[in-house]
Amino acid sequence: MTHRSAISRLFPSLRTPGDLLRTLGPAIVLAVVFALVVSIAPGILKWRAVNALLFDAAPLLILVIGSTLPVLLGCIDLSAAAMASLAAVVAALLMPVLGSAAVPAVILGAGLIGALQGWLIGRLQIPSFVMTLGTLGVFSGLALYLSNASTIGIGPGLGPFDFLGGRTAGMPNAFLTVLAVWVVLALVLRFTRAGRDVYAFGASELAAYMSGVGRDTTRAYAFAISSMCAALGGLMLLSQTLYSAPTMASNLLLPALVGVVVGGTAISGGVGGLSASLIGGLTAVMVRVGTTIAGLPGAAQDVAFGVIILIAVAVTTDRSKIGIVK
Amino acid sequence: MQQTRLLSADAGALASPNVGEAGAQRRTAGAGLGRALKSAGPLVALAAMVLVFSMMAPNFLSVANLQAILESAAVPAIIAVGLTFVLVQGSIDLSGEGVASLTNILLAILIANSITPYDLGLGAVLVAIGAGLGFGLLNGMLYAYLRMPSLIVTLGMWLITLGLAALLFPSRQPQILDGRFVGLALDKHLGISALVYLAVAIALVALVVERRTRLGRIGFAIGADEALVRLAGINVGLYKVAAFAICGAMAGVAGIFTAAQIGVGNPLAGEGLLFPGIAACVIGGTLLSGGRGGVLHSLVGVLVLVTLRNGLVQTGTNPLLQKTIEGVVIVVAVAASTWHLRRKTRVVK
């Protein structure tokens with residue numbers, strides 16, 4: 001009894017054991033999946049294996065982190081994976097002209113397009129699902145058109161790509177970049193007005209609007225960050241393979257959404273955050289690795305993903321807070 | 001002076017919306033034509049598209065091409081009809097692609113084929129539809145009774161069914177040998193295959209269900225104001241499960257149709273059905289927030305999308321740009337068809 005009250009004094013949102021389970025649920029799911037993978041293949045604990053795993057997982061993790069912001073608003077960004085492919089194609093095309101400057105140019109351009117997308121959702125008053133469904137088509141079509149539906153190679157020796165493909169103190173730089181983006185965005189969400197606006201918007205858009213939160217600006221920020229993270233993910237993929245393909249990231253759309261959702265960020269908005277997404281993203285990565293190591297066919301991976309989504313969300317949904325579920 | 005005129009105009013508008021200066025402007029601008037345009041918007045867009053394409057490509061209006069448009073509309077129409085029942089309730093079903101792939105494989109390995117010894121004939125079709133219905137029911141029950149968002153439940157089910165389809169797939173592609181079944185797509189009556197007639201029949205039944213049964217009417221009510229429907233003592237969960245069951249069964253039928261069209265079992269047969277299906281519904285004027293739209297709207301949306309694809313090919317547009325143009329059309333069409341719903345305080349997620 002005293003034990004529980006001490007916990008609830010420290011964390012006011014944890015009042016009942018159920019709350020505790022819901023809060024820790026995603027971490028428990030990750031731990032269980034991790035334990036399963038380790039029991040199948042103990043070799044994965046070797047530093048080299050972990051290293052390779054994190055290097056491989058970085059593009060997915062950055063997409064998961066980026067996709068979290070629109071979801072926190074109660075929106076959804078279906079275009080992130082297509083944006084990643086488009087960014088890789090454009091970067092590979094710009095490389096001969098701009099050199100290393102192509103990287104900031106592409107990320108900035110992605111941010112502008114994302115901001116426009118978020119702003120248009122509010123101005124045209126169409127659901128984000130429809131807007132990003134449209135831009136999913138626009139981006140993937142453009143990636144095909146610009147690359148003429150073929151792969152484009154980039155030469156080695158370009159600073160940003162050598163960096164993303166390299167290591168610092170034994171850790172892959174791509175993963176360190178993910179961590180840096182995570183820390184910066186988490187601080188912004190926690191300590192700046194724009195960050196608090198995101199949560200207010202997600203909890204109740206109308207109440208936030210009445211209290212002076214700029215809806216169009218907030219949405220523009222969130223979608224800009226989502227697009228920039230997606231572009232960064234595309235560049236990471238480019239640094240791994242040193243060539244760009246117009247559909248290279250399209251199979252990341254579902255795993256990225258799975259990561260956000262499994263982490264415990266509510267699709268209705270206002271609940272969750274970037275740490276949750278990092279946990280969810282790592283779960284998605286572990287499932288992918290685990291099924292591959294266990295020698296299961298790739299199809300079993302999809303089934304495992306689906307079952308884990310259903311279990312994780314069934315456990316972590318706080319049903320006392322939501323009246324009507326759509 | 002200017003200020004008082006504005007104020008009186010506002011007061012007049014407030015007291016009685018159709019009286020006074022402001023009201024007069026509203027009368028001339030609003031009324032009959034506007035309302036007709038609002039509901040007929042997608043139809044007008046379709047007509048305009050047909051007009052433009054027929055001027056750009058002389059072959060566009062040929063009988064053979066119109067038949068081709070109908071043939072390619074059959075499967076998307078089935079998917080869109082099923083989705084409509086879920087969308088008008090304000091929910092969403094993403095599992096269609098997976099379910100269609102699964103029923104496609106199920107049918108291909110249970111009907112007379114080149115790999116497995118089974119030959120269930122009509123039984124295979126029934127098993128496939130039953131599987132679609134079963135996954136729809138499961139979706140609906142997880143959503144309605146475990147109270148998880150439909151987007152997440154059906155996202156999970158999309159992956160599960162897609163995986164199951166691949167696991168059921170034998171090492172080699174099963175060729176469907178049942179002549180009568182493949183004939184559904186191959187034998188033409190008046191130049192059109194039986195699949196198109198079946199799709200039209202299914203759409204008509206769906207229309208009757210939507211307009212003339214409690215299931216259809218209460219579906220719209222749930223989308224418009226679910227809390228109110230609950231307060232009226234109606235078992236909302238039951239109607240939600242029913243809508244998802246219909247949607248799942250329709251996805252199953254779509255998988256069967258694709259099996260007849262391609263003549264083999266393919267674990268990715270459903271690929272590319274989902275997003276165009278949802279796009280067709282919203283282009284036709286079915287709102288994702290629920291309560292508006294319907295089967296006829298969605299069918300117009302399907303025709304818009306299929307006609308656009310066909311027209312782009314006929315006019316020789318770069319096929320690599322096809323997705324981009326479709327994306328722009330989706331956004332513009334939805335923005336235009338919901339423009340009249342704009343409010344400052346409207347919440348769009």
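A residue counts as buried if 20 or more other C-beta atoms lie within 10 Å of its own, as exposed if 12 or fewer do, and as partly exposed in between. Keep that cut-off at hand for this tour of a predicted model.

**Stop 1: colour chain A by confidence**

Select chain A and colour by pLDDT. The mean for chain A is 86, and 92% of its residues reach 70 or more. Which element of chain A has the lowest mean pLDDT, and which the highest? Helix H1 (residues 2–10) of chain A is the lowest at 55, while H5(A) is the highest at 94. Where pLDDT is low, the predicted coordinates should not be read in detail.

**Stop 2**

Select A:Gln125, in the loop between H5 and H6 of chain A. Around A:Gln125 there are 18 other C-beta atoms within 10 Å, so this residue is partly exposed. Now look at the backbone. Most residues other than glycine have a negative phi. A:Gln125 has a phi near 55°, a positive value although the residue is not glycine.

**Stop 3: another positive phi**

Move to A:Leu242, in the loop between helix H11 (215–241) and strand E4 (243–244) of chain A. Phi of A:Leu242 is near 60°, again a positive value in a residue other than glycine. A:Leu242 is partly exposed because it has 14 C-beta neighbours inside 10 Å.

**Stop 4: A:Leu252**

Select A:Leu252, which sits in the loop between E4 and H12 of chain A. Is A:Leu252 buried or exposed? With 26 C-beta neighbours inside 10 Å, A:Leu252 counts as buried. Leaving out residues up to four places away in sequence, A:Leu252 touches A:Pro59, A:Leu60, A:Leu63, A:Ala81 and A:Ala84.

**Stop 5: A:Asp77**

Next, select A:Asp77, in the loop between helix H3 (47–72) and helix H4 (80–98) of chain A. A:Asp77 has 35 other C-beta atoms within 10 Å, so A:Asp77 is buried. Which residues does A:Asp77 touch, not counting residues up to four places away in sequence? They are A:Ser67, A:Pro70, A:Ser128, A:Thr132, A:Phe223 and A:Ser226. For a distance across the model, pick A:Asp77 and A:Val178: they are 101 residues apart in sequence and 19 Å apart in space, C-alpha to C-alpha.

**Stop 6: A:Gly214**

A:Gly214 is in the loop between H10 and H11 of chain A. With 15 other C-beta atoms within 10 Å, A:Gly214 is partly exposed. Draw a distance from A:Gly214 to A:Asp197: the two are 17 residues apart along the chain, and their C-alpha atoms are separated by 8.4 Å.

**Stop 7: helix H14 of chain A**

Select H14(A). At 1.5 Å a residue, its 19 residues should span 27 Å, and its end C-alpha atoms are 27 Å apart, so the two values agree. Now show the side chains of its buried residues, among them A:Gln301, A:Asp302, A:Phe305, A:Ile309 and A:Thr316.

**Stop 8: where chain A touches chain B**

Show both chains. The contact takes 48 residues from chain A and 48 residues from chain B. On the side of chain A, helices H5 (102–124), H6 (128–147), H10 (205–210), H12 (253–262) and H14 (298–316) each supply at least two residues. H6(A) gives the largest share, 15 residues. The residues on this side of chain A divide into 33 nonpolar, 11 polar and four charged.

**Stop 9: chain B and one helix pair**

Chain B has 15 helices and two strands. Of the 349 residues in chain B, 50% are buried. Among contacts in chain B with a separation of 6 or more, 75% join residues 24 or more positions apart.

Finish with helix H4 (residues 63–87) and helix H13 (residues 274–283) of chain B, whose axes come within 9 Å and cross at roughly 65°. The crossing of H4(B) and H13(B) is right-handed. To see the contact, select B:Pro76, B:Ile79, B:Ala80, B:Leu83, B:Thr84 and B:Leu87 on H4(B), then B:Pro276, B:Gly277, B:Ile278, B:Ala280 and B:Cys281 on H13(B). These residues divide into nine nonpolar, two polar and no charged.

Note on methods
Residues numbered from 1 in each chain as written. Chains lettered and ligands numbered in written order. Predicted model: local features only at pLDDT ≥ 70, side-chain atom pairs only at ≥ 80, totals over all residues. Contact = placed C-beta atoms within 7 Å. Helix = DSSP H or I, 4+ residues; strand = E, 2+ residues; numbered from the N terminus. Nonpolar A, V, L, I, M, F, W, Y, C, P; charged D, E, K, R; others polar. Axes fitted to C-alpha atoms, helices over the stretch in contact; angles between N-to-C directions. Left-handed = near helix turned anticlockwise from the far one by under 90°. pLDDT = per-residue confidence, 0-100. Expected span 1.5 Å × (residues − 1).
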